[in-house]
Amino acid sequence: MKFFIDVIVPLAVSHTFTYEVSEAEFQFIQVGFRVAVPFGKNKIYTALTVKKHHEAPALYRAKEIHEIIDITPIVTLSQIEHWQWIADYYMCHLGEVYRAAFPSILLLESETLIVYNQNATIRIESLSDEEYLLYEAFQKQAVLKIDEIVGILNKKTVFPVIQKLLDKQIISLNEEIKESYKPKLTKYIRLQSKYDAPEKLKYIMEMLSRSEKQRMLVLSYFQLKALENKPVSLKKLLEKAQVSSAVLKSLTDKNIFESYTLAEDRVRFEDAVVKDIHLNEAQQESFNAIKESFSSFDVSLLQGVTASGKTEIYIRLIEEYIKKEQQVLYLLPEIALTTQLVQRLVAYFGNQVAVYHSKYSQNERVEVWQQVLQQSPKAKVIIGARSAVFLPFSDLKFIVIDEEHEATYKQQDPAPRYHARDAAIVLAKIHGAKVLLGSATPSLESYYNAYQNKYGLIKLTKRYGNVVLPEILLVDLKEKYKRKEMNGHFSNILLDEMNEVLANGEQVILFQNRRGFSPVLECLTCGNVPQCPSCDVSLTYYKFKDQLKCHYCGYTIAKPTHCHACHSIDITTKGFGTEQIEIELRTLFPDKNIARMDQDTMRGKFAFEKILDALKNQEIDILVGTQMLAKGLHFDKVTLVGILNADNALYHPDFRAHEKAFQMMVQVAGRAGRKDTKGKVVIQTYNPYHNTIQQVTANDYQSMFKEQMYDRLNFKYPPFYRIIRLQLKHVDYQKLKEGSFWLYDVLIKELNVPVLGPEEPAISRIRNQYIRTILIKIPINIPLAATKKQLQKMLKSFEAIAIYRAIKVTINVDYY
């Protein structure tokens, strides 16, 4: 009998691969083990075991595995089931889900080693100059890595030289795979067992009577031991005794002390400081309603106005699950939010909280992965961004999805292009867990599910502490420019409100959803606008760096002194971003502290913490930023919010533009007046009578919902239709055009659903790749799985045509 295992490899491969193992390996290996397998030419990858069986593959001869990496499963069966659902639903490969799910440090990949053949017969005169350089290097070192050869030859393309040496049998290739994760080891000090007792102190002191520093070190050790009653770290001991490590070495040589190491977590939280929280009457009613809703529904939606205290309700619910020793997942759309929420949850749950997101290092993420897998007390509550849905939960019973309407829950690139909210709901079903969606402005899809009685619905209409909702002032920019009542991009009304708030020692948040100084630099003589050579977009001007930058490919040039088309020096900027607003503010309020929060300023690991702490401690008077400001942040002293150009969000070519604009403006407005003082919101717009802006002013979600649902039904959009977007890319415009029309013709004939396209998107070329899109609209009464199978067959037919094989097709299910 032969023994086989099926594995998934972290590459874009369409199915599992079968490898042959020995009987002993077969008995030892479990589903969820990582094994190193040969894959492709000479390479070895970390594969994940998903099945054990005795059936040989029919189409190829099974290779043997290279080695077994784990001694216990590193992935759970429910995780693999969840990954399979993501791969099927979002029409991607299981290997792509595996790569996205795992911390990359656990996805080991072999390194090629070049080994010198000692027995080779070498004719020196037959070697080229480059080959001779390597031959000389091998006389000193028998094994070289690729990057070492690059350094020796001082060139990037070294493989032709290596191939020639291989042909002459002077070298051979080996693949080496090694574990990258290294635990954090801390050095500790203890007394030798014969001295480890308080009564031995006198004897040690007499023995060290001639060395004051050594006596001081021993005394410090006993003091730390008595005070903390836990292992004494080397660093802490030397700091307390104020002596050098040489003194400690002397005591170690005398066999008084010995050192040892312990593995420690890289991220540790302190014990809880808040013992209990008290819900007000409205919160208590919502809390009871959620518990009642969970008896009938697996998923419930909490629609609570901004600053209504939704987080306190979540904490009370989490408490109940923690008491039962069950796991809780708390999902957030932005890493910026994670920072503030971690502080609040640690206050209640202490070191039972673990955090998982992309700003954490790979080693830190591996430690959280292991804690969740082992159901550690340190990871009862996991706070994370969308990637946290991939963690190896064993006893997950409650999921909170805060700000569930946010578009950042959707992964766009690379695959899998999953939506964390929907993936979390499926994950909850696998584990038999309850899901609570929370938002002041729910997505239309979630609210429609509640409206259809698929989800429970709980409304929280009062702000915490009976704080009233902010007053909203609309400013007509057309009128203000006509009356010359504008100072830069600030109306006189906004400036008056800002002066009053700042005079009272309060803080201001200004929102402009565009970064950089200006999106366009234009020649006033000929109208030329500098464009990115690789993308069909204008270059954004950054004044601080005095350069133009493409936000799609990163291309940069210095700011031109004259027009590249007509050589005129009459160049000006059009439009404005956060950088320009920051510069204007420094002129208008020279004595105030001004900060900016956007993608350009939030680069470092602790950038969010620093800016949020500064705002909390009132070290910042005015904060200007993009959408990062709009999501769930809480600051007591912010009483004024200014939206500098509300029209930006209204006119995007997107069926969700009005819904997103409403959500964005209500969320930004919700940052104002969250404690004692009533807040104000100033919205500057060229169209104050636009329906969406009027709905924001009245905080009328119901009217927005009804209006948008009417449009969605008429124009065949979600939630009445499911949408799959096909994006086709190629460097040759004509070939892409022909290929996209061929695919469209096949789709329109074979699929009995509306198909739109192939259209050129608003940005039709990125990184020298031309783009066409095709939208497939699937009514909710047509089986989705069957349509997807048909679609995949057609895409395979498309790939089989030689002239179109180079066209890259990207499938994005529920792309919105």
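The structure, a predicted model, contains 0 disulfides. C532 takes part in no disulfide. The cysteine sulfur nearest to that of C532 belongs to C553, at 3.5 Å, and a disulfide would require the two sulfur atoms to lie within 2.5 Å. C532 is counted as buried because its relative accessibility is 2%, where buried means under 20%. C92 also falls in the buried class because its relative accessibility is 13%.

An open sheet is built from 6 strands, arranged in the order β5-β2-β1-β4-β3-β6, with mixed pairing. Its edges are formed by β5 (63–64) and β6 (67–68), each of which pairs on one side only. β6 is joined to β3 (residues 34–38) by 2 bridges in the antiparallel sense. Within this pairing, A36 has E67 of β6 as its bridge partner. Helix α3 (residues 94–101) lies across β1 (3–8), β3 and β4 (44–53). The helix runs at about 115 degrees to β4.

Another open sheet consists of 3 strands in the order β25-β26-β27, and its pairing is antiparallel. β25 (540–542) and β27 (556–558) are the edge strands; each has a single partner strand, so one side of each has no neighbour in the sheet. From one strand to the next, the twist averages 30 degrees. Strand β26 (residues 547–549) is connected to β27 by 3 bridges, and the two strands run antiparallel. K549 is paired through a bridge with T556 in β27.

Technical notes:
Residues are numbered from 1 along each chain as its sequence is written. This is a predicted model: local features need pLDDT of at least 70, side-chain atom pairs count only at pLDDT 80 or more; totals for chains, interfaces and linings use all residues. Side-chain values use heavy atoms; hydrogens and water are left out. Buried means under 20% relative accessible area, exposed over 50%, partly exposed in between (1.4 Å probe, protein chains only). Two strands pair if DSSP finds at least two bridges between them. Helices (H or I, at least four residues) and strands (E, at least two) are DSSP runs, numbered from the N terminus. Axes are lines fitted to C-alpha atoms, for helices over the stretch in contact, and angles run from 0 to 180 degrees between N-to-C directions. Contact means heavy atoms within 4.5 Å.
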